[in-house]
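Hi,

Here's the structure I said I'd pass on to you. Have a look at it first, then read on for what turned up in it.

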Amino acid sequence: MLKQFLFTFLLLFSAYGLFAQTTDLGMPKSWNQKITALQAAPVYNMPAFDLEEQQRIDAINEADKIGPWRFGYEFAVNYGLDQGGVWTNLPNGDRIWRIAFRSEGALSMNLIFDDYLLPEGAHVQLYSLDRKARLGAYTAKNNHPDRMLGTSLLQGESIVIEYFEPAAVAGEGKLHIGTLVHGYRDVRPYAEELVKALNSSGDCNIDVNCPLGNNWRNQINSVGIMMSGGSGFCTGALINNTAQDGTPYFLTANHCMNGSPATWVFRFNWESPNAVCAQAQNSTDPGAPYNEVNGATLRASDAGTDFALVELSTLPAAPYYLAGWDRSSTAANGAICVHHPSGDVKKISKENQSLSTATFSGADTWQVANWDEGTTEPGSSGSPLFNLNGLIIGQLYGGSAACSGLVNNGSADYYGRFDISWDGAGASSSRLKDWLDPNNSNVQTLTGFGPGATGPVANDAGLNTDPAIAGVICGASSINPSIEIYNGGSSTLTSATILYNINGGSNQAYSWSGNLASNSSETVSLSSLNISAAGPQTFSATVTVPNGQVDSNSVNDVISANFYAITQPVTFQLDLKTDCYASETSWEVRDANGVLLYSKDNYTGNSPTLYSEQLCLQENDCYDFTIFDSYGDGMEGTLYNCAEDGDYHIISPANDTVVDMPTASFGTSATHNFCASLASSVQEVSLLRNLQLYPNPSKGQLQLELSLEAAQDVRLALYNSLGQMVWQQNYGELIEQNIQLDFSELAAGAYYLQIQLPTEQLGQKIILQD
């Protein structure tokens, strides 16, 4: 399956922190209250398109990983300074041109100017009709020889383009809009974030700030995410040349070529400040300002190894790194990949085995048979493959590697071979050597460089965690950790001491000895550690005194891994039958303190299917089971031409039903509390008879129809997309009631209405519109 994940993902990125280089010039000129003769900007409503067809195409492309990771639908438009907009002349001779577009239901909007040439002093700013979102300004600094510009994403379903031109350069500006993009997917889906992880990539991915990335900081700083064609994302890396003159060459995949590189946007250093290391937790957007570059020029490309080399319009701000390369034809004995899977923050993957040669879709590639740590996904296309010396040896073409829970699926990936790309198809436009070896030195390898680049230290021992120490460990009174020690220093590592414990208790010591060359690793089996009590646990380990010396790089000395211990196990069974829309369904089990034990969100298929999951639980402890539906209509598939509704039950060892679906129309979510008792228990009986909330979406006026089996205290609470409670009300005892809700004073966006009963909680996603 091809992992050709085009630039589509990059654009998505910009919606929440622009990719293009912009200048902060404050509020748009037209917002100044002194301008009283301002004409209303014409608003053009974009036609509807077949979203389901686009999603069907996306599903096919992503299954086979062909093409970019798309987030938007492109409208071809034809508007410019002399057509479609409105000019306003200011008293001092300056003037403003404005035009607006609305595309119903868009999560974001962005543009491609197919003619962009601004004089000094002129600028373009973008904002929503309600003025809640704003981008820019784009200035003459964004001019490119191709006279094109791609913008970042503006959140929402409307966009106003405002061009300001000073009197001194009146008539000199050139501006024409050729493409308008309706964003229907979000890199960080705020509409679902109350019940889904903020991140779009799989849980087995590893943030670059995890211990695995500690020895690869230079390489990490070379990698960026790019948006091509205005609607897709890929990855690539800055790469050095033998002149070492700082030319900002950027290596990516040929299949990521989408539209003119002059319209592309590149972002560097997009990394989560809190490291999530193959865990079911959320990474964090570091926030603005983002390190972005707008526009590039194609230098060479060839499908034979699926490479493309572009030259950026400028270097990004520091820290950046121009990566080195190795054009040897000898297969590397291990590899590192740094990438942006599904347009997410930067991740890192590692292969401990030797690579092999392979032909993939007609291209000459290096095969990574099975990632030992991490994976790749759509959006990773074009990402660099580094050998264990930190030199680029290829870029990602495709493959079927993906996450399967907290580990990868064991499938292979394929990288276009740098050594063959060197001579390519024999011309300067189809090979690398003319650009990366302008001095014709014919060297086989070249090291990288960059401001603040770190060099190797003599004594540096590091650790990586044991992937088996994760999730729920059932019925164990102890753990037997196996961890990886690696040599990040330039000297051969022959000895070190490892200290380790559970929950910060007394350390056990392990004296390691061996013979590890630089950038090599070895698995170490440690003595067992006792588990004193059930519940969440933390295993920690520290490596010290490499070669009997002070460790010169302490940042990779300490590792930790969280797991959940079940000391008195009892096994319950979850039986879940999906409706015809299985991908909408997910669930989780948390303990009484809210700690996550189990979850699943990767159901697929379009026909009702029964799944059974074994839940190892602590005897007599109580848990919350929550089921989610991303569409917000529960599992009521019969409303949508499905033969059956979905259903779910949790069965005890005594064959009692301790959780039973009260109704298929449970909305966005339903939560059930149950206890893991071996004794025969009474089946939970839902008190909910009917729940309807309409209209949804709405402008804030909604009606909730609630019907219960018996009178119960009812409390409603409303949460915004950040999980903050913005409204609540107690209604006392109700049995059947129509409740009028007025949220018209709240900002437009996605919210989560929670209906709280004494023994049940149900949730409903609502969308408020302007």
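Which kind of contact do the side chains of glutamate 484 and lysine 350 make with each other? They meet in a salt bridge, with 3.7 Å from N to O. Glutamate 484 sits in strand S33 (residues 482–487) and lysine 350 in strand S21, so this pair links parts of the chain that are 134 residues apart. Both glutamate 484 and lysine 350 are buried. Before you go further, keep in mind that this is a predicted model.

Searching the whole structure turns up 15 salt bridges. Another one joins lysine 346 and glutamate 271, whose closest N and O atoms are 3.6 Å apart. Lysine 346 is in the loop between strand S20 (335–339) and strand S21 (347–351), while glutamate 271 is in the loop between S15 and S16, so the pair ties together parts that are 75 residues apart in sequence. Lysine 346 and glutamate 271 are both buried.

Then there's aspartate 419, whose side chain meets that of arginine 417 in a salt bridge, at 2.7 Å from N to O. Are these two buried or exposed? Aspartate 419 counts as buried because its relative accessibility is 14%, and the cut-off for buried is under 20%. Arginine 417 has a relative accessible area of 12%, so arginine 417 is buried too. Salt bridges can also link up into a network, as they do for Asp207, Asp344 and Lys347.

Now for the strands on either side of the loop that holds glutamate 271. S15 (residues 265–268) and S16 pair in the antiparallel sense, over 4 bridges. To find one of the contacts yourself, go to phenylalanine 268: its bridge partner in S16 is asparagine 291. Strand S16 covers residues 291–294, with Asn291 and Val293 pointing one way and Glu292 and Asn294 pointing the other way. All of these S16 residues are buried.

Which strands make it up, and in what order? It's an open sheet of 4 strands, S43-S40-S45-S46, with antiparallel pairing. Strand S43 (610–618) and strand S46 (657–660) are the edge strands, each pairing on one side only. Neighbouring strands in this sheet are turned by 20 degrees against each other on average, ignoring direction. Inside the sheet, strand S40 (residues 569–577) and S45 run antiparallel and are joined by 5 bridges. Lysine 577 has aspartate 647 as its bridge partner in S45.

On the surface, look for a nonpolar patch formed by Tyr581, Tyr631, Leu639 and Tyr640. Together they have about 420 Å² of accessible area. One of them, tyrosine 631, is found in the loop between strand S44 (622–629) and strand S45 (647–651). Tyrosine 631 counts as exposed because its relative accessibility is 53%, and the cut-off for exposed is over 50%.

Finally, the overall layout. The chain is divided into domain 1 (29–183), domain 2 (206–260 + 267–446), domain 3 (461–564), domain 4 (569–676) and domain 5 (688–768). Taken over C-alpha atoms, the centres of domain 2 and domain 5 are 47 Å apart.

Happy browsing!

Key
Residues are numbered from 1 along each chain as its sequence is written. This is a predicted model: local features need pLDDT of at least 70, side-chain atom pairs count only at pLDDT 80 or more; totals for chains, interfaces and linings use all residues. Side-chain values use heavy atoms; hydrogens and water are left out. Buried means under 20% relative accessible area, exposed over 50%, partly exposed in between (1.4 Å probe, protein chains only). Helices (H or I, at least four residues) and strands (E, at least two) are DSSP runs, numbered from the N terminus. Two strands pair if DSSP finds at least two bridges between them. A salt bridge is a side-chain nitrogen of Lys or Arg within 4 Å of a carboxyl oxygen of Asp or Glu. Domain bounds come from an automatic or database domain assignment. Patches are made of residues with over 30% relative accessible area and no salt bridge: like charges are joined within 9 Å, nonpolar side chains (Val, Leu, Ile, Met, Phe, Trp, Tyr) within 5 Å. Accessible areas come from the Shrake-Rupley method with a 1.4 Å probe; for residues, only the protein chains shown count as cover. Axes are lines fitted to C-alpha atoms, for helices over the stretch in contact, and angles run from 0 to 180 degrees between N-to-C directions.
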